[in-house]
Every structure is written in C-alpha cells, then in structure tokens.
Amino acid sequence: MSVTFRLLGPFETILSGEPVKVGGARQRKLLAVLLLNANRIVSVDQLVAALWENPPGSVRQQVHNSIGSLRRVLAGASSEVQIIRTDTGYRLDVAEDVIDLHRFDRNVRAARDAEQRGDLYTSLGLLDEALSLWRGKALSGLDGVWFETAAASLNENRLAAVEQLASCRIRCGEAASLIGDLTKLVRQHPLRESLRDRLMRALYLSGRQADALAVYEEGRRVLADELALDPGSGLRELHLAILNGSLPVTTTPHHEGTAEMLSAPGSGTSPTKFYLPHDNHDFSGRTAEIAHLLEEAARENPSTLVISAIDGMGGVGKTTLAVHFAHEVADGYPDGQYFVDLHGFTTGMEPITADQALEQLLRDSGVPPELVPTGTEARSHLWRSRTAGTRSLLLVDNAVDAAQVRPLLPGSAGVLVIITSRRRLSALDGAVPMSLDVLSPHEAADMFARVVGERRAEKEPEAVAEAVRLCGHLPLAIRIAAARLRDRDSWTVADLVDRIRDHAHRARFLQVEDRNVMAVLKLSHRYLDPLHRKVFRLLSLHPGAEYDVGSTAALAEISTDQAESCLDGLFDFNLVKQFTPGRFHFHDLVRDCAVQMRSEVDTEDEQQAALRRLFDHYLKAAGIWCQALAHGNPVKEPDEDSPSSVRTPASPAEATAVLNAEFPNLVATARLAAEVGRHAQAWKLVCALEPYLRATNYAGPSYDLYSLAARSANIDGDAHGESLCWSGLASVCRERGLTSEAIRHLDRALELTRRLGELHRESALLIHLGLLRLDMDDYAGAERDFGLAQAHIAEEPDHPYHETIINNQAVVARELGRFTESLEHFTLSLELMPPDDAISRLVTRWNVATVLHAQREHHGALREFGEVLSGSQAIGYQTGIALAQLGLCATQRSLGDYAASVQHGRDALVLARRLNLHRVECEVLDALGETAVAAKDLDHAEKVYAQARERSNHYSFARYEARALEGFAHIAHRRHDPTLAERYWREAVAMYPSVMHDATHARHHLASLDDESATCFRCETP
C-alpha cells in the first residue's frame, strides 16, 4: 500500500490514494513532528515540548501510548514507514519521496544548482514543480506555539522559492507575466525588500519605469512608518539604476538565490562586518566534528536557516571549536560575521539579556544608537530585517537556554547560526545538535605533543598514549598535564605517567563517563608546599570571578608578599590563570577541585574565619577606593585589623578604574556576607560603595544591593545603618523613575532618623526629598524641603550641607528662568565646595554651562562644557562625560556646527544607555532631533523625535516628551503646515509644568503664528 504525507498545506496522510484519519489531535501532532524530522532521532523532551504547554506527570507514558496508536494507524504501510525506538527518543524511518516537504526541498536545491550552471529553463521547471506541491499555508490544522513556529519557517521557505523563481523568469525575459503575482505578494509582505526588488525589476523591464519608482517610494514610506528605517543598500542602488535608466536587462536581483550570492567559500570576498574572535593558532583535533559541521553547512538550501547548536561540559572546548569552524567557513558569508557572548555560565557575571545582545548586534550591523528601538520584540524584528537576504554568520557563545537565544535568530535563509551552551538546546526548533565529547585518542595525543613539543613526544609514543588516557582525553586536563611536563626538562613522559598512576587512593573528582580528571589536577597539588596548598583551597571561597594579591592575603591571613609568591607559584602550575596583570582566576573545573579539597581539609571554623577576613578586606578596600570619589565616608572601617594592604588610588580616575574592575567581586562579596549571616559587613560594604554607585548612576545591581543591605541592617539591629540603606534605595529608585517608591523609602529613612534624633541626617534626607520634588517638577515643594533642611543646620554656618542646598536652590531658579539668580547661587556653591570634591565641582560647572547656554552665551557655554568633558575624562567620571557630550551637542547646534553636534550627541546617547542615564538619554534624543531640524534633515528628525517621545513617555519624563512635541511642531512649521505645528505647540505647552521656563519657547511660537520667520531658542540658527 502506498503512502503520502502532506505538510505543505492542511496536514494530511494519504494511504492508497485515500485520506486516513490519524487518531486525535495529539496523534496528528506527534506524526507531524516525526515527519518534520524524518529519519532523524527526536528526543522525548522535544516531543513533549511540541505536544504539551504544561506537561502532566505521566507525560512519558502518554508519549509511549501515542506512539503505539500511530504504529497501528500506519500498519498498512509498514513496509514504507516504521517508527523506531532508540535510547534517547524515536525515529520515523521513511522514504523521503513520500513527504511533500522533502520533494519541495530537493527540487529547490536542484533548481539552485541548475541556476548556478546557467541552465535557467531547467531551474524554472524544477521550481514550478516544487511550488505546485503547496496547497495553502503549511501545517494548517495543527495549533500550538511549536507548530506555529515550524509553519512560519516553512512558509518563509516557500516565499524564498517564489523569489528564486521570479529571478529566473526575469532573466528568461518573462518579466511582464510576473507583475500581477508579485504585486499581490508585495501587498501581503510590504516589509520584504527582496519581493519589492523583483517587482521593481519586472516593472522596469516591462517598460513601466514610473511604476517601478512608485513601488520603491511606497516601500520607503512603509519602512519609515513601521520600522523608522530607510530601504537597504541593495534596494537603494536598484532605485538609482532605474532612475538613471542604467539597469541591464539581464541583471539579477541582489538577494539570496542569485549566482552572485551563492559564491563558493574561499572566493576571497571580504566581509564588511567582521566580529569573530581570533582563531586559536594551535587548534588540533576535532576532525570528525569539523567535518560534521561542514556537512551541515553544505547541505544548506535557499529556503533553510542553518543552526548548529554545540553543547558539552565546561572545559571540553565548545567555544574553541565554534570559533575555529566559523573561521573555516567565513569566506562563504561575506555580508557579516557576528559574535556575541551571552555569559550564560561565566562565574561572577549575570547572563546578558536578549535585549542587550540584540542592541550589540544591531550596533555591529551599522544601526546608529538613536535608531535602535526599545524592547526585545522590536529589536528582534529589526535584526531579522537587517539580516534578511544576506549571507551572514552569527556565533552565539555561552547561552543559558533556548529562550535566551531564540530572539537573536535571523528569520530567513542564507544565515549560518552557531550556538554554544553547556545545556542541550532541545527546545530550539530547527537546530542541528552536536554534543561535544572528549577527544579521540589520536587527537588527544596530537594536542599533548603540540603543548610539550613534537620531538619530546615522538621519543615515547606509548607513554604519551597512556598519559592522555589517564587525563580522560579532556582538552583542559591534557593542557594542564602537558604544560607541567613542558616546564620540567628533567621529567620524561613516563615519569608523568608514573605520577598520575600513583594517585589511585585519591578522592574522585570530575568524571566524563569512566575517564577521571582528578589525576591531573591533584598531580599539581601534590607538589605544592603547605602554604601553596592552603591558598589554593581557600581561594575557592572567593565569590567573585577573579582575585588579586590583597584578597588572597586576606583569605589566607598572610602578607601580600607571601600572597604574591603563592599566586605566582599556582600560576606556574597552571592551577590559576592570568589574563590581566595582577588578577587571577580559576577555570571552572579547577575551582571545583579546590572546593572539594577545602571540604576535606579545612574545618568549618577555619572557613568562616577566612570569609570574615575577606569581608573585612573588601569593606576596608571599598572605603579607600571610594574616598577618592567623594569627600567623607559614612561607614567606619572594621574593628578587626585586616592583614591586607590596600593601596590608595592616586586620582579619581585610578579609583574609578580599580572599582570598575573590582565591582563584580564587591557585589558577590556583599551577597555572600548576607547569605552566611555576616549582616553588619554586608550592609556596611554596600553603603561604602555609595560614591561609586552614584557615579555610575545606580546602574546594574544597585537596587538589589540596597534591598539586601536594608534587610541586613534591620537584622543587625542598626537603625542608623538601616536609614542609610533606605535612602540609598531611594536614590536608585529616583534614577530609575520610580518616584513614588523612592518617596516611600525616604519616609522610612526619615522615621528611623527622627527616632534617633539625628538632625544632620534628617537634613540630608530632606535634601534628598527636595531632589525628588524637582524630578516631579514640584518646584514649590522642592524649595520647602530645602528650606526645612537648611533650618536644621542654621546655627552651623560652616556645615557642608549649606553648599548642597544652595546648589539645588540654583537648579530651581534655573528651571524657573531666573538665570541671574541661578548663576549667583552656583557661583557661591563652587566657593563653598571642598576643592578635592572633583565630581561635585564638575556637575556644578556643567550646571553653570547650561545656564550660559540658556542665556545664549554659546561660546562661554562651549568652553565650560569642554572643560567638564576633559575633567570628567581625566578622572574616569562616566556620567560627567555623558552630561558634557549632551551639552556640547546642544551648544554646537546653536553655533551651527551640526556635524560636531551629531557626533557629541551620539557619543552621549551610547554612554547614557550603557549607564542607564534615562534622563540624559531622553534629553540627548531631543537635542539630536533639534540638530537634524537645523540641518534640514526633517525625515531623520522625525524618527529621532519619535524615539524621544516614546522613551520620555516610558520613563514618565513630561518635560522631555513636551520637548519632543516641540520638535514635531518645528518639523511641521518647516514643512509649511501651520495647523499641525500649532497643534503640537499647544500640546507641548499643556504638558510642560506651567511655571517651567522651557514652556516659554512654545508659547513664543503660539504668540507669533502669523510670523513665519519667528524663531525660538530651540530652532534659531546662527
């Protein structure tokens, strides 16, 4: 009995010419999954993911039952179709000709080969036959996320084949007959530039040049409205050729499927976007794996997105293999070679989000920062658009799971995706998995010889084979053992083997099946003196990604000279690694070894004492490092005398550099201190970091840190400390636009402070509350809070809070347009400010520059902003750099230097987004829009203002949203649309706080509607 399976339309099973009912919905879905993976093993986990959103406890039994039902339904075709049970899942053995999808793929591949040979008419016939197999949308009648994703991929393949057919027909002189079908397809897929390309060609070659240009213009408007993008370079070049009448009759579209785009690897084409890490010069082995990956890439057809997912244990060489393979095939992907490390399993680092990864990829692909959309979905959409129709390669390293990777996947054929992860990515649809095992005996011996030296290894081939066997054929273990031998000229390979074999009594460490890695690691440990052994074990207590001499000395209670000597010794034994001078780290496997040895040797009391010393070390270090960033430190140094010697930074810039490097360690230490019950050290460490957290705009884990600190201070019973932590958390919330939450935390801090009767502390909190009022544009409330704060210190004229209050009163005056008063206050504030408070002085000078700019003293403002920039760069003050770049953007626009304005604005935007400076981000978008208007680039200005409005609305920054509305009004005014301009100016005035000076610019235009030459501060040009 003959059987046919139809996937390209409503899902059907045809047996002897008649449709067959395949059980219920679950059996139909199960059969579809097996057919989509015909002749390949489908794991039970993959089947469960496809068939159930919320699997029941008996899911494996239900899969087994469903398989049995399918076998009974297909019993009549048992000679052609068999479901085979394997160790890991099920495989449907079937001739590929009975599945319409496989006939379609085969014909498309053959058509591509024929086109490359120049046999266009054979290609036409094959493509017509392939597309005739489609009866509607793929997998119709099968619901669920898994099937929707699979259907979307298949439908994409059909479109790619349609485009390839159109290309062939155009080259065969059949352009006119295509126009109707292509017009319909372009309406259905308005964002697909490759379809629009073919329609434009068909129209032009049919003598309809004007219609071809109209199709381009329609596409340009759609892309601008939907994605805020211009057409791609290929479509723009085609448009120009049609305008000039220079499009050759036989030209093929510049998209996948043409002979140009299918050039063989090694053709010498240079990528325009190359971001791969460097290849390992001594890469060896992995011959079978490389061959398999090359085979999968070579099997790529014009309708398939190729995904290779490499998984395996830590240290097995996943990234090394992936990078080497990427370099091997790079020439075949000339449109871009991208790399992103997701840090899924990087010690001491949080995995980056898909949103962050997409921003990196979009910037790498050439999207300017102001046009990178917000939100994962929008960024993913744009990334798919950027890679559509290209021959590109994407290497995604160190993934957590399929969910982290899925938004990064391109949406069309022509792109090779390589993914590495410690997990099997079974849930990643369409991925070809490769579980990386240890090396083969031959490859392991080759690696050993490369490290030790070929001549030395050739003398003892049998000993080399035994050495790598005892190393478990694991790359990391082989490199460690061979390096030890390489550095000991007196040893033979047989000596090494004897020492490895003598360790049968040791505790087992890591295993890969029956291969033991502990032999190599304990070989090194055996030859260490007692102090080196102690340091090695205790370093595994360190919670961060890396450590230095000071933290090592604290853990082991030794001098820094001894610590440095021990680290150098461990480095010589390859038990620690060093990428940066003075900073060391464990490989994952070596850290695990040290943990096990510590649990066997060191008592609980000894381990807790080591942790206490480490906590004290970092508390003392944080205080010293942060001292350079702010005058005064509210946290006392620990009572215990830490044995470590912490060097005082010579400048704020050096302090910032040290804190940038150490911050992950400090965060991990605070968390561990709270976890093990050392609550006083936990909250004090967080509070000691306040100057640095403030300088970084309370980015990253600041919220979690202060929440942890507040809980620890409460448990510790320290009301003063708890007040510090609540006010710190309020600062984080303020910067993130969480004003209501910030006020709640400040109220809690005030309650604790008033209970203690600390008037100075209460004054500081009232200043903080006044700043929150400023954020809410509540200027009367802000002045009231600043006045109450001043009353608490009225009898202390030399108290430093006077300067802070005067400074903030200057800000209020500036926002209300009282510029002379504002400058007087800022000047007095600078006089009262400590000379060594570099950051506060820079911020105040930036405020002075903003007032000068508002007074139209642009050259004075330019000078001040420039000095703030150079001063911030000198001390590494990133927020100051962003603020200065923002000011220079606005001032250079006022002076007419639009190129400099745009460059400063873009630099400010990139930095603001990296530091989560949301206010700066919104204001610089407004400033970039104003520069675009001044430069008469109204289309670009409109896109930038749209981003400014969306971001400002998202963060509830009414003033910046109102400024964006002003921008839309200026655009409408330039386009001679007074009605629309008036509407936007009125909306802006309504959104601004009524007393804010910024509203006067829009009011000026509303009062001058009849005067087309009227300008304001925002739109005037030199």
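Begin by selecting Arg158 and Trp134, where the charged end of Arg158 sits over the ring of Trp134, 6.0 Å from its centre; a charge sits over a ring if NZ of Lys or CZ of Arg is within 6 Å of the ring centre and within 35 degrees of the ring normal. This is a predicted model, in which local features need pLDDT of at least 70 and side-chain atom pairs count only at pLDDT 80 or more, while totals for chains, interfaces and linings use all residues. Residues are numbered from 1 along each chain as its sequence is written, and side-chain values use heavy atoms, with hydrogens and water left out.

Select Arg85 and Tyr90 next, and you will find Arg85 over the face of Tyr90, at 4.8 Å from the ring centre.

Now turn to pairs of rings, of which the structure holds 12 that are aromatic. Rings of Phe, Tyr and Trp (its six-membered ring) pair if their centres lie within 6.5 Å, and planes under 30 degrees apart count as stacked, over 60 as edge-to-face and the rest as tilted. Select Phe663 and Tyr692, whose ring centres are 5.2 Å apart and whose planes stand at 50°, so the pair is tilted. Phe663 belongs to helix H27 (residues 652-675) and Tyr692 to helix H29 (residues 690-695), 29 residues apart; helices (H or I, at least four residues) and strands (E, at least two) are DSSP runs, numbered from the N terminus. Both Phe663 and Tyr692 are buried, where buried means under 20% relative accessible area, exposed over 50% and partly exposed in between (1.4 Å probe, protein chains only).

For a further cluster, select Tyr275, Tyr338 and Trp383, which are linked by ring pairs.

Move on to helix H8 (residues 193-205) and helix H10 (residues 233-244), which pack at an angle of about 10° with their axes 10 Å apart; axes are lines fitted to C-alpha atoms, for helices over the stretch in contact, and angles run from 0 to 180 degrees between N-to-C directions. To see where they meet, show Glu193, Arg196, Asp197, Met200, Arg201 and Tyr204 in H8 together with Leu235, Leu238, His239 and Ile242 in H10.

Finish at Ala431, which is placed in strand E11 (residues 431-435) and, at 15% relative accessibility, counts as buried. Leaving aside neighbours within four places in sequence, Ala431 is in contact (heavy atoms within 4.5 Å) with Ile307 and Ala309. Its C-alpha atom and that of Arg845, 414 residues apart along the chain, are separated by 56 Å.
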